[in-house]
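Hello,

Here is the structure I said I would pass on. Please open it first, then read my notes below.

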Amino acid sequence: VNGLKKSFDLSAGIFERKRSLKAVHNVSFAIRKGKTFSLVGESGCGKSTTGRLISRLLRPNEGEIWFGGMEISQKKENQLKAMRKKVQMIFQDPYASLNPRMKVRDIISEPLEIHTNLSKAERYKLVSEMLEIVGLNEYQADRYAHEFSGGQRQRIGIARALIMKPELIIADEPVSALDVSIQSQILNLLKDLQKEFHLTYLFISHDLSVVEHISDDIGVMYLGTIVESGPKEAIFSNPQHPYTQALLSSVPIPDPKLRRDRIILQGDLPSPVNPPAGCRFHTRCPARMDICKTIEPSSIKGRVEGHIAACHLLDS
Ligand code: SF4
Ligand code: MG
């Protein structure tokens, strides 16, 4: 993903005042095949919009999205068919994303119906297999989604995503609606499935402890920009950006030697309709300098391969 930008037009009212919400601003990153790249940040920072752009549920204003050797950012629907088969999504609230009037069997086989010519019998056979794989059983296939618990519903959502043998799964807050004990079951399931089927994940979460559990690489987002990205270990052990440092300081760490002082950010998250000039974090940054108010920092490479952060403190 290269230089991705997306804004939403909010012009309205009797004077048609021109206003736009700058949801994603110059976002670049790469997802390694067979690995998990997580986008993390507070709600409203542009994580979900980025996921929807990459899955081309939305079209970006600018930037490139490369998938399987093809640049798909501006492709039309009829050119996206191949990609639609290979990219599947899992959503936060499996109940809202599952049709209550459909039996589980039909919910899970629906993508096959849309994208393949398989017969009903062939589709249902794959559904039975898939139910097994996600830890349910085929006797549950004739029931409706409301008859299942939240964790089971997410297993159904995963089965539905997996049945197309996708290359990339975009999971947007897939465990946020679940109890903590169920969360780790679902995260472990996602990890096991990744190993078994060589899946690549784009994982979206506001929760750093979830992200720590599942990620290989991380991009930290603030107000539509990625402020820091790199291998999980580098981000967690050696965060370079003041925003990443503040986020990490709020995660409980059992080992007292590793514990850091909590950094409390002052002020509110600015509106993405009117983001601050220069560094978008400057209104809340404990380390801001004069230059930060006017000049947007560029990405600086760290010592670890792939670790980058955008902050003037790192300019040399
Ligand atoms: Fe803080 Fe300036 Fe770095 Fe932005 S560029 S994070 S305001 S020090
Ligand atoms: Mg979201």
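Start with strand E3, residues 36-40, which is mostly covered: five of its five residues are buried. Buried means that 20 or more other C-beta atoms lie within 10 Å of the residue's own; exposed means 12 or fewer, partly exposed in between, with C-beta atoms placed from the backbone. Helices (H or I, at least four residues) and strands (E, at least two) are DSSP runs, numbered from the N terminus.

A word on the source. This is a predicted model, in which local features need pLDDT of at least 70, side-chain atom pairs count only at pLDDT 80 or more, and totals for chains, interfaces and linings use all residues. Residues are numbered from 1 along each chain as its sequence is written, while chains are lettered from A and ligands numbered from 1 in the order in which they are written.

Back to E3. Thr-36, Ser-38 and Val-40 point one way, Phe-37 and Leu-39 the other, and all are buried. In a regular strand, side chains alternate between the two faces of the sheet.

E3 has two partners. Strands pair if DSSP finds at least two bridges between them. Five bridges link E3 to strand E9 (residues 200-205), and the two run parallel. Thr-36 sits opposite Tyr-201 of E9. Four bridges link E3 to strand E10 (residues 217-222), also running parallel. Here Phe-37 faces Asp-217.

Next, the helices. In H4 (residues 104-115), the buried residues include Val-104, Ile-107 and Leu-112. The buried residues of H4 pack against helix H5 (120-133) and helix H6 (150-162). Packing rests on contacts: C-beta atoms, placed from the backbone, within 7 Å.

H7 (residues 180-197) has 18 residues, which at 1.5 Å a residue should span 26 Å; its end C-alpha atoms are 26 Å apart, which agrees. The expected span is 1.5 Å times one less than the number of residues. Gln-183, Ile-186 and Leu-190 are its buried residues. Seen down the axis, they fall within an arc of 70°, so they line one face of H7. That arc is taken over the directions from the helix axis to the C-beta atoms. On the other side, Ser-181, Asn-188, Lys-195 and Glu-196 are exposed. The buried residues of H7 pack against H6 and helix H8 (208-214).

Last, ligand 1. It is surrounded by 14 residues, the closest being Cys-279, His-282, Cys-285, Cys-292 and Cys-311. A residue counts as near if its C-beta atom, placed from the backbone, lies within 6 Å.

Best wishes

Methods. Two residues are in contact if their C-beta atoms, placed from the backbone, lie within 7 Å.
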